[in-house]
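Please look over the structure below with the following briefing at hand.

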Amino acid sequence: MSTTPLAVKPQKPWQATPRQRVTSAVVYLSSVFLTVAIVALTPLAGKLAYFFLFFAVLIVVDFIVHYIRLGSAAAKDSIVRTLVAAGITVALLPIISILLTVFNRGRRGIHWGLFTHDMKINSVNDPITQGGLLHALTGTAIVVLIALIISLPIGLLTAVYLTEIKGRFTRPIKFLVQAMSGVPSIVAGLFILSAVVYPLTKSLNGFVGSLSLVILMIPTIARTAEEVLLLIPGDLREAGVALGGTQWRTVAMVVVPAARSGLMTAVILGIARVAGETAPIILLTGGGDAVNLNPFSGPMGSLPFYIWKSFAVGTEESITRAWAAILVLLVIVFFLFITARVLGERKRK
Amino acid sequence: MTSEKENGENAMESALSSVANSAAQSRRTPGTQAMGVGLEARGIHAWFGDKHVLDDISLDFWSGTVTALIGPSGCGKSTFIRTLNRMHEFIPTAAMAGEVLLDGKDIYAPGVDVTKIRLKVGMVFQKPNPFPSMTIAENVLAGLKLAQIKVDNKDELLEECLERAGLWNEVKDRLDAYGGSLSGGQQQRLCIARSLAVRPQVLLMDEPCSALDPGSTLKIEETISQLSSSMTIIIVTHNMQQAARVSDYTAFFLSDGGPGSMIEVGPTGEIFGRPKDKRTENYVTGRFG
Amino acid sequence: MTSEQDSGVDTTKLAAKALPAKRELTTKPRFSDKVFRAVVTSGGLSSLAILGLILIFLSYQGYSVLRSQGFGFITRSEWVVVTDELGNIDYSQTHFGIAAMLIGTLLCSALAVVIALPIAVLSALFLTFYAPPSIKKIMVAVIDLMAAFPSVLFGLWGLFVLMPSAEYWAKLLHKYLGWIPIFDMKAPVFTRSPFIAGVVLAIMIIPIITSISREIFAQTPLDRIQAAYALGATRWAMIRTVVIPYGRSGVVGGAMLGLGRAMGETVAVYTVLNIVYQINWQMLLGAGGNVASLILLKFGEAGPGEVKALMAAGLVLFLLTLLVNTTANLIVKGTGGKGR
């Protein structure tokens, strides 16, 4: 076929023409104008009034424009287009507000001492520059790490059962894992109290806190890992078996390694799920103020407990401390989440 | 003229079914086809991202005729017919160039309401796709509901569309059954009836029989023959016997690894009997590849 | 080997007369595979074990309270603990009834779903059918991130940031819709009300319902979507006739999962709500509670007897969320496969 340079250029005639862009700009501007006018002329006031009125006015104006240009079907379509845009805006507004709030309020309480001091000799009412989060950070790290060490094998085995063995329990187990992901965290805490603390340890420590987190972590790990293992193509398994491998060796040497980065995602999402969990931590860990590296004895501090405690005191310093700790916690969750995303993206390619 | 036609049909030999043959003979006489140009494609190019998939197709479709688009897989036939009712633009990376004139007006012109275009240029897909949540009757009238068209006598329209699609006798007693309860071939005729209800000028059919058994295929072909007197039909098919049976004109598309282009177009008898291009001949006689 | 050859000869001779006997195709599992299967199966059954243990231990701890209170535990709303000099509970005068908190749980979580569902469905529709791919990717990530926010954060944000605006809405609702019983109130106390707790819970479950709805909408068969467009449908007409019939039950299931999450939420409700032990249907009035926050509130100063009552309350909450989640999962699973 001819290799002469094309005289024609790819076009997208279905995209908005300059004239249509001008029309929609006029629609938006006139909606803004009308909104401002209505707010000025009526008793309605406040940011929310602007917000909802803008969408209401936009719906009406857009409807009229579309009705005149294209008729009633297109006009109805335009209503829904504005509604879904309003929906996503309402869904995203709290997130933006939360992030801004945490950043603005937490920033004031951030200083390097946070990461090198604990609260052994300070009270939450001391000036914010004194004391720190070290005990909470080490506590959260230890509690979450122990929870991970227990949950990972169980979650992974559950996922392997669901994807590799497919026995007669597959459906019930799938169901139970889902049911387990709906267990309220406070119930997990009560369960560990009733099953471990009262009959056995009779004292609160980091380890029993970890046990309650295990209940919340297993479903997250199992479900994410199951999705990841399902992505591993079946012929890889067949290849392993065809080479004379037993099923056990095929899963351990071929399937799981192939899903490695996806399983990392499962681990990270599991950590993110429990790192900020507060209710069972309040019930179980005892919440010490000094660094305690022994999970089996003595109260153990943690970020959620520190936030909870500082907030409950209710003075200006203590609330600033709570926000600073939330900022640290949020940065950790954010970081974990981004890592999981990046790993997940790479897997899919 | 007659000898030409006979040559063509001899070449096809037993490929032509007797039913469609007689119907085709009556219409395949030059001079009777031109009821006017219904749809014109002018210099159509298409791209997916940077990939140029369709190169400079210009083709006129006459009212009251059936045009078959044939060619091997991946030659751009389906892409081409999807540019004719603006279904092409649903692929996010898609782009195109050229014009498609419906009654002399470019359907890609700025300000054209795309939903009105799709009402005038209907489409039947490869896989039968009735709406499973609707009954047979609701399926046929779905287009009216979707496009908010009001009609006075729905029952009459329902019967007429099912009649034209050749399905009325089979379903008239169970119009309240769900669309999914029909056989594959019946579902496809239901989809044709659904397209007819909005009274399109042009009907695009993208391999409408490729998912059906031979019996159902024959029924659909009869339906096409009956419909062709009143509208423009464009059918993409892999089945050359089908093209020969149902169409008045045939266009042969081919891609040599680059963008697909149209090698040859002409009356169906000529394309199958005395193709001008060697590549067409190789394809229609099965020596292609 | 020999048997194979034999059967080969047999089939040629007797081809028309009889079919050869079917050979067994089962492989005897190797020892290592047996162990592997046993280990994996026991790991897989751990979820059953854990759920079972939760049920057993909470029942065991809560049994005495449930037995002494009977059905009154969930139908009455008194929480009066009377102890003798030794600290033992005097059951003749002690009453445990969680009706007020159960009603609070239902009120707050139902309100949360009522607010969250339309927003989440509209968002999911936007993400699936309206958003340009580049924006969509970012928005999906942001909404998923929100689902991972710790609940204590929602609580504090709700108390410090949302409260003032929510109070403003509450006053508006009271002013214009006060004639509806649930928007009426006895005293003008608008802060820390079930309404505000419901709004916070709604914000917490919007990401959950959005992502479930989005996944279900994205599974809508493409051929049906194309069929609708080819019939001249606008985007809304397509959504109404194809997407909504297809995804409806899945969205209902997603909403129920959100309901389950809202019912079990502890810290956020505890932070935002003014916990008062009384039945309160007037959602704008600053008094209420839910079962989970009751447990957290009473736990600190509870003696051994009262802890048993809290365990029983935990059991009720566990069963309630289990019921809601199970129903939700059944509904979600039922979608997708069938056409309508």
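In this predicted model, helix 7 of chain A, which covers residues 206-231, has 26 residues and reaches 36 Å from its first C-alpha to its last, close to the 38 Å expected at 1.5 Å a residue.

**Helix 7 of chain A**
- Because 23 of its 26 residues are buried, helix 7 of chain A is largely enclosed by the rest of the structure.

**Contact between chains A and C**
- Chain C contributes 69 residues to this contact, and chain A contributes 73 residues.
- On the side of chain C that touches chain A, the largest share, ten residues, comes from helix 3 of chain C, which spans residues 46-69.
- That side of chain C divides by class into 45 nonpolar, 20 polar and four charged residues.

**Contact between chains A and B**
- Here 14 residues are taken from chain A and 17 residues from chain B.
- Helix 3 of chain A (residues 72-107) provides the largest share of the side of chain A that touches chain B, namely three residues.
- The residues on that side of chain A are eight nonpolar, three polar and three charged.

**Annotated region of chain C**
- An unreviewed UniProt entry places the feature "domain: ABC transmembrane type-1" at residues 102-328 of chain C.
- Over residues 102-328, chain C is 77% helix and 0% strand, and the end C-alpha atoms of this stretch are 20 Å apart.

Terms used. Residues numbered from 1 in each chain as written. Chains lettered and ligands numbered in written order. Predicted model: local features only at pLDDT ≥ 70, side-chain atom pairs only at ≥ 80, totals over all residues. Contact = placed C-beta atoms within 7 Å. Helix = DSSP H or I, 4+ residues; strand = E, 2+ residues; numbered from the N terminus. Nonpolar A, V, L, I, M, F, W, Y, C, P; charged D, E, K, R; others polar. Expected span 1.5 Å × (residues − 1). Buried ≥ 20, exposed ≤ 12 C-beta atoms within 10 Å, placed from the backbone. UniProt positions renumbered as here; feature names shortened; annotations may be inferred.
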